[in-house]
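My notes follow in the order in which I checked things.

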Amino acid sequence: MASPSQRDSTTTLLSPTPPSYRRRSSLRLLLTILAFSATLTLALLLCVFSFSSLIPSFARRSHSTLHRPTVILISSDGFRYGYQFKCPMPNIHRLISNGTEAVPGLIPVFPTLTFPNHYSIVTGLYPESHGIINNFFIDPVTGDAFTKRRHEARWWLGEPLWEIVSNQGFNAAAYFWAGSEVSKGSWHCPAEFCPKYDSSVPFEKRVDDVLSYFDLPIDEIPVFVALYFEEPDSKGHDFGPDHPEITKAVARIDSMLGRLIAGLERRGIFEDVTIILVGDHGMVGTCDQRIIFLDDLSPWIEIPEKWVQSYGPLLAIQPPVNISAAEVVAAMNQGLSSGKVDNGQHLSVYLKEDLPERLHYSSSYRIPPIVGLVDEGYKLVPKRPMSNICGGDHGYDNALLSMRSIFVAHGPQFERGRKVPPFENIQIYNLVTSILGLRGAPNNGSYTFPASILLSDT
């Protein structure tokens, strides 16, 4: 057993510290911590300032507000209205929610083909007026053939937007847009703003090149830029509009918009630039037994292949001058209505002057005298046998919802979250010239249309 003195010693060692001593110790500890923290902070600051003085400045170039209104017109080929709902597309929907959208969609011109529509968008003219009446056709006077590689000005009528901008003393850029390589007026497809078409150029490079225009001196920045993407059209032809490959293609377009938006935001000009996203036409699935064979009409009339400039969905026939076009049409329609031609009821053949006026497809001498319209989703081919391969196509009546494309506009003159009724794409020409404050050439659009869609100045 411990002695009393040992118990007292143990009790003294284990007993609590007197209160006055604890207060003094806590104060000394607090002062020590504060002093150490201050010393450490000062050391870190000195280190940072010393290190930063050794690093050259990479501050982003300061961009003032653009001197003039600026428009970037983007075409996503074959972007059918409704594709924007296939999967999450945050960038397209950002433009939609903060801009103006045509619902349900943008109405293409007839025929609903790539070259006629792209050139209508930038001229405000129907194909019968601007001369590009098909992706391929033959001039009935000269016998010369138009293809997508023909850049002589005689084929391309009207005054496209890049020519209008250039003629009025400003820079314009056109990146792979149909017709942009044609020299017209003061526009000669300058190398720095108008690259020669090359489908192998990655979409990312196209966007980055467009963004680089905005790093030029302020007075050299193009006030109008046209940018073209081939997708989702090519995937639509290969797989049809409902295939997962279409979803991937449109998601890629959305990511390119995101890349563009981010680049404009880094330059501090996203809210100053007008972005207009459009497509040239829609897409419809073609599959199963929906095929019409032109040689099935042989009991009524033989149609030599050399007469045919295009098959479905737009049939274009140029018979020799000594053959009556009216008699050819009568014989064809007799066979189609006989009930003896597979799917014959899904092809209607006209003299071009008898086509519905709403198509605006009769007044050009370049349009062949006989035009056939194939019903939605059907294909017209020369002869049997023909395998029933599923895919997609366009070129049908522009009144069809499946042929509509997208129109979304975001910029200082467009109301946020607004929906407007569908309109024909020829109206975009006057819309752009109005935003830019430039004089446009005579065209088929309405000069009052811009006031119906743009915010007023008051």
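Predicted model: local features only at pLDDT ≥ 70, side-chain atom pairs only at ≥ 80, totals over all residues.

I began with the cysteines and counted two disulfides. Counted along the chain, the bonded cysteines follow the pattern 1-2, 3-4.

I looked at Cys189 and Cys194, which form a disulfide with their sulfur atoms 2.0 Å apart. The angle about the S-S bond is -85°, and I noted this link of Cys189 and Cys194 as left-handed. Both Cys189 and Cys194 are buried.

I then turned to the disulfide that joins Cys287 to Cys390, where the S to S distance is 1.5 Å. Cys287 sits in the loop between β8 and β9 and Cys390 in the loop between β14 and β15, so this pair ties together parts that are 103 residues apart in sequence. Cys287 counts as buried because its relative accessibility is 16%, under the 20% limit, whereas Cys390, at 41%, counts as partly exposed.

Next I traced the sheet, which is open and has seven strands in the order β5-β6-β1-β7-β16-β2-β17, with mixed pairing. I found β5 (172–175) and β17 (418–420) at the edges, each pairing on one side only. Neighbouring strands of this sheet are turned by 15° against each other on average, direction ignored.

Within the sheet I checked β2 (residues 100–102) and β16 (residues 407–410), which run antiparallel and are joined by two bridges; Glu101 has Val408 in β16 as its bridge partner.

Last, I looked at two helices. Helix α3 (residues 90–97) lies across β2, β7, β16 and β17, running at about 70° to β16. Helix α4 (residues 114–123) packs on the sheet, where it touches β1, β6 and β7, and its direction makes about 165° with that of β1.

Technical notes:
Residues numbered from 1 in each chain as written. Heavy atoms only, no water. Pairing = 2+ DSSP bridges. Helix = DSSP H or I, 4+ residues; strand = E, 2+ residues; numbered from the N terminus. Axes fitted to C-alpha atoms, helices over the stretch in contact; angles between N-to-C directions. Contact = heavy atoms within 4.5 Å. Disulfide = S-S within 2.5 Å. Buried < 20%, exposed > 50% of the residue type's maximum accessible area, 1.4 Å probe, protein only.
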